[in-house]
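I opened this entry to look up how the parts of the model meet. My notes follow the display.

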Amino acid sequence: MNGIRVEGVTFRYRGGGFRLEVRELVVAPGKVTALVGPNGAGKTTLLHVVAGLLPPDAGTVLVGGRPAESRLREGGIGFCPDSFPPAGRRTLRAWAGWIAELREGRTPGPGAIDALAAGLGVTGLLDRPLGRLSRGQAKRAGLLLALVGEPPVVLLDEPTAYLDPDAVVLLRETILGLRERGVTVLVSSHHLDELERIADEAVFLSRGRLVSHERVPGGAARPCELVVSAWPGEARRRWSEADWTPLEDGRVRVRVPCAAEAELARIEGFLLGAGERVYEVRLPGGSLEERYRDRMDSRDGA
Amino acid sequence: MVLRAVFSEALRGRRVRWGWPALAVVSLLMASWAAERGNGAVLGTFLFSGNFAILCAGGIPREEYRSGRATALLLGGVSRGLHHVGVGLAWTTVFLGGSFLFAGAMRAWALVSGRPPLSPAAAVGIPLGFLSLLAAAWLLGVLLPSWTNVAAVVGIGIALRMVEGYPETFGVFSSLARLVVGSSSSGSCTLAGRDAGIVLVAATARWLVLLLLGALVAETRFAARRLGRVSLEAASRS
């Protein structure tokens, strides 16, 4: 299985200011797990450790039952660091071809990279040098490089940073698609509303320590609400279970039954594609944001 | 494929693009000054090769990790050891290419100006004599931060040369030092024929041994932790 197990891991920065200490963390295979915490909590450090890029001072990290570094060499881990990929004149297509070849041991099939790029909306970036990309474009390029070769475990560090709304929707659909394919995803972000839509579980990290690891409730307990510019007929047919109400200002409030929460990304994608606008997406009480505040408060009080 | 990727990416660094052409200009100026005293070609080539080696010693492995190039390749499944070898090969190619070009230019210049030219053995031998210093610098570059390895390489180089130069004092250590830095009595400028061949093969062998040793060191947990910190700290600051 492609789960992640972190046991007794410690890592200390030079100068001794920060210390990562994770006694036990188990990331379920085939699930999307959110890594949540304030700045400096150790999310990036933990992701580098899990990716096999940074051996910890002590402890073990197993990915798919094998040491993380071994899995990395086998091409079994796709990682999109916060700042990635390196700038330069080489094109995204060249990098993607290389990484695919390195991970799979063979030249990627014709169209494989184009198909992946189309899914991420980066087709127009494929033949541009990485050094000429904006931050948001570079982020999307990094996502493409993390996913080439179809690694069974994907780690994403702040994947929504610098992304425009359309790209966020595409990313959401991509992550949900990975989950459907049984890929294990560990994703860190400060955008809790986004995490809430995609994550099955959430790991709260503070000052280098794991505060809690809990399920992100979905399904019947979590109805969602959108405020959109219009709810066209095609949308009414496709999401017949949705309840929609015109508002006085001409906008439309749509309530999506909770069982369809995973569809939220698709609804947004559909509306944006149809030229409509999505003004608000509201998730009900007990949200990840509320729980984040609660966990951090209890940590501060401890 | 892996080596090609590492090799090609290592040639993207600023030091490759700007460092050695700048050194060539400085060395050329020094050589033209020294030429009036009759030894410009040899001195210029020594200067170029030596300065180039020191330029490389200033943290090439770490620069690769800091820039994100190494991280990108590691994420593709390249091992740290193989990355070390690839970077070493790329830099050696640049080094030898630049050095031979420079030595050739020096030789041509001397011939045209009617001065004693650099011998072909010297033109090849002087740069090769610096190869082990380069490989040692990369090895230390894996372990030591940035420019401290320059001091380490220069210090170790001088110490080994002294030990090697006084066999009557240092005994067996003198022989061991000779394995690393070569023999100071086999001045490659004056060697010819079979002797020159032996010296050149020995210099290449020393380089290869130190390069592979560097790859082994890069594979250790200790080195991986240090290099991992470099890339993580660079990523955190960007």
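I count two residues as in contact if their C-beta atoms, placed from the backbone, lie within 7 Å. This is a predicted model, where local features need pLDDT of at least 70 and side-chain atom pairs count only at pLDDT 80 or more, while totals for chains, interfaces and linings use all residues. Residues are numbered from 1 along each chain as its sequence is written, and chains are lettered from A and ligands numbered from 1 in the order in which they are written.

**Chain A against chain B**

I looked up the chain contact first. It takes 23 residues from chain A and 24 residues from chain B. On the chain A side, α1 (43–50), α2 (68–73) and α3 (92–104) each supply at least two residues. I take helices (H or I, at least four residues) as DSSP runs, numbered from the N terminus. Which helix gives the largest share of this side? It is α3(A), with five residues. By class, the chain A side has 12 nonpolar, six polar and five charged residues. Here Ala, Val, Leu, Ile, Met, Phe, Trp, Tyr, Cys and Pro count as nonpolar, Asp, Glu, Lys and Arg as charged, and the others, Gly among them, as polar.

Next I checked burial. I call a residue buried if 20 or more other C-beta atoms lie within 10 Å of its own. Eight of the eight residues of α1(A) are buried, so this helix is largely enclosed by the rest of the structure. Among them are Leu46(A), Leu47(A) and Val50(A). Just after α1(A), Gly52(A) takes a positive phi of about 85°.

The core draws at least three residues from each of domain 1 and domain 2 of chain A. Not counting residues up to four places away in sequence, Leu155(A) touches Leu47(A), Val50(A), Ala51(A), Ile77(A), Phe79(A) and Leu186(A).

**The two domains of chain A**

Last, I noted the domains. Chain A is divided into domain 1 (4–215) and domain 2 (219–282), with bounds from an automatic or database domain assignment. Their C-alpha centres lie 29 Å apart. The contact takes seven residues from domain 1 and eight residues from domain 2. On the domain 1 side, α6 (165–180) and α7 (192–198) give two or more residues. α6(A) gives the most, with five residues. The domain 1 side divides into two nonpolar, no polar and five charged residues.

Definitions and conventions:
Buried ≥ 20, exposed ≤ 12 C-beta atoms within 10 Å, placed from the backbone.
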